[in-house]
Amino acid sequence: MQDSGKLWGGRFKKTVDREFHDLNASIDVDKRLYAEDIQGSIAYAKAIHKANLLSQEELRTIIEGLEKVKTEWEKGQFIIHVQDEDIHTANERRLSELIGNVAKKLHTGRSRNDQTITDTKLWLRKSIDELLEKMTGFVQILINRAKKDINILMPGYTHLQRAQPVKWSQWLLSYAWYAKVDIERLEDIRGRSNVLPLGSGAIAGNPFQIDRHSLASNLNFSKITQNSMYAVGDRDFVAEFLFWSTLTAIHLSRFAEDLIIYSSEEFGFVRLADEYSTGSSLMPQKRNPDCMELIRGKSGTLLGKCMGFMATLKGIPSTYNKDLQEDKEALFSTFDTINSMIVIVTKVLATVEVNQRKCVDALAPSMLATDLAYYLVRKGIPFREAHHLAGNVVVLAESLGVSIFELTLEQLQTVSRIFEDDVMKIWNFTNSVEQYRVDGGTSTAALKEQINNLQSWLQQSNRV
C-alpha cells in the first residue's frame, strides 16, 4: 500500500517507518511559518492564475480557503495531523479538506524546496525589522543616558586596570557606536535576504513561464534569484543572521560584563533596579546581577548555534538537501534569544542608578601620569622621553609612599628641571578630561558632538 498521506507518496509501495517519520518531520518547529507559508501561497496562486493555470473562480476559492486556514492558526483551532510532516504539508492538507480537489492545483510548478526558503526569507525579513526597531531603541536609551549623566567622571580601564579619567557618558556611547554598526550590518543582511527564490522549483526552475518579477513585487522582494540551483540551496542569509546575532550578543555580553563589575561592592559604580536583580536562597544580603549574567551566558549559546549550522552547510553538496531543514531551529531559537537579550539590556540601562560619588572616589592620582607626560611634551620634550620621565615620577612617588599629587616642585625637579610651578595645574581630573576635545574624545564638547552625530544618524531613514 502506497503512502498516500505524503505529498511525495505516489512513488512508494509501503508506508514510511514511524520512527523515520518522526525524525523527518519538522512541523513542531516550522509551524511558526504558517502565516508566511500562506502569504507565499496566495501570491503563487495569483502567479499561476496569471499564467492561465487557474481560472478566476479557482483562484478565488484557493485564496478564500487559505484565509480560512490562516484564521484557524491565529485562533489556535488548527489541528495538526500525524501525516503533517511540515507546515507546507499541513496547510495544503487542510486546504484540500476545505475546498476539495482545486487545492491540488496550487502546487503546480512549485516545490517545497523553493517554497520553504521563500517562507523563511519572509519570516526573517519581518523579524529583522523587529530587531532593528529594538536595536534603535537601545541606541536611543544610550544617548539619553549619556545626555543625562554627561558630568559624571569615572576611571577608564584598560586590561581592567585604572588607565585615564573619562566621562561615564564616554563609556555609554562606546556601546552606542557598537550598536550603530550592528544596526547597519543587519540592514545589509536584510537587503541581501530580500531576494525572491520562489519560481525556482525543485532544482531546474519553473516550466510554466510564471512572472517571477510580478511575484517578487507582490511579496515585496526587491529582486529575484538568477539561478534555480543556487536559489534552493542557499542558506547564506541564515548563516549571516546567525553570525550577526552572535556578534551583537558578544557586544551585549561585554556591556553586561562591565555592569556586573561596576555593580559589585568593590566598585559600587552602579546599582541595578530591583526588577532586574535577584537574591540568594541562602544569603539574605545578596543582590545578584543575574540578568546581566544571563546575557553573558546566552551569548555563548548563540555562538554554538552559529558554529553548528556552519558545520551543517560545510558538509552538504549543492542544491537542496534535507540537512538544510536544520536552519529553522537555529534561526528561530537564535532570534528569540537575541530579541530577549536586547529587550532586557535596554530596560536595565533605562533603570540603572549611577553612584557619582563612587565613580569620582575611584579616580586615582596615578591616572594623571599621562597628563604629566603631556605637560612635558608641551614644554618641548619628545614624547618618548616625556613618557620615561613621567614614569620616573611615578617611581619617585611610590618610593616616598605618597601620591604624585603630593610631590613638591623640588622633588619633581630631581627628575627633570623642565618642571615649573605650572605643573601643579595638571592635578585636576576635570581639566584632564576636558583636554580631549578632538572628535571622539571624552571632553564635554566632544561628547555632545558624538550625541548629535548619533541622533542625526537615527533620524536618517526614519530610524526614529
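Where does N52 sit in this chain? N52 is in the loop between α3 and α4, the latter covering residues 56–74. Keep in mind that this is a predicted model.

**Loop residues with positive phi**
- N52 isn't a glycine, yet it has a positive phi of about 65 degrees.
- With a relative accessible area of 69%, N52 is exposed, because the cut-off for that label is over 50%.
- Q209 is another non-glycine with a positive phi, this one of about 55 degrees.
- You'll find Q209 in the loop that runs between β3 (195–196) and α8 (212–218).
- Q209 counts as exposed, since its relative accessibility is 69%.

- The α3 and α5 crossing has a right-handed sense.
- On the α3 side, Y34, D37 and I38 do the touching, and they meet I87, H88 and N91 in α5.
- T89 also belongs to helix α5, which spans residues 87–99.
- T89 is buried: its relative accessible area is 3%, and anything under 20% gets that label.
- T89 and R145 are separated by 56 residues in sequence and by 50 Å in space, C-alpha to C-alpha.

**The α14/α15 pair**
- Helix α14 (residues 369–378) and helix α15 (residues 383–400) have axes that come within 8 Å and cross at roughly 135 degrees.
- α14 brings A369, L372, A373, Y374, L376 and V377 to the contact.
- α15 answers with F383, A386, H387, L389, A390, V393 and V394.

**Nonpolar cores**
- The largest nonpolar core holds 101 residues.
- Which of its members touch the most others? They are I62, W171, F241, M292 and I338.
- Take I62: setting aside its neighbours within four places in sequence, I62 is in contact with A45, L54, L95, I99, V102 and L106.
- There's also a second, separate core of 26 residues, with M367, A373, I381 and I404 among them.

**The β1/β2 hairpin**
- Strand β1 (residues 153–158) pairs with strand β2 (residues 161–167) in the antiparallel sense, over six bridges.
- If you want a landmark for the pairing, L153 has K167 in β2 as its bridge partner.
- Two residues lie between β1 and β2, and the strands form a hairpin.
- In the turn, H159 has a positive phi of about 55 degrees.

Note on methods. Residues numbered from 1 in each chain as written. Predicted model: local features only at pLDDT ≥ 70, side-chain atom pairs only at ≥ 80, totals over all residues. Heavy atoms only, no water. Pairing = 2+ DSSP bridges. Helix = DSSP H or I, 4+ residues; strand = E, 2+ residues; numbered from the N terminus. Core = buried A, V, L, I, M, F, W, Y, C linked by side-chain atoms within 4.5 Å. Buried < 20%, exposed > 50% of the residue type's maximum accessible area, 1.4 Å probe, protein only. Contact = heavy atoms within 4.5 Å. Axes fitted to C-alpha atoms, helices over the stretch in contact; angles between N-to-C directions. Left-handed = near helix turned anticlockwise from the far one by under 90°.
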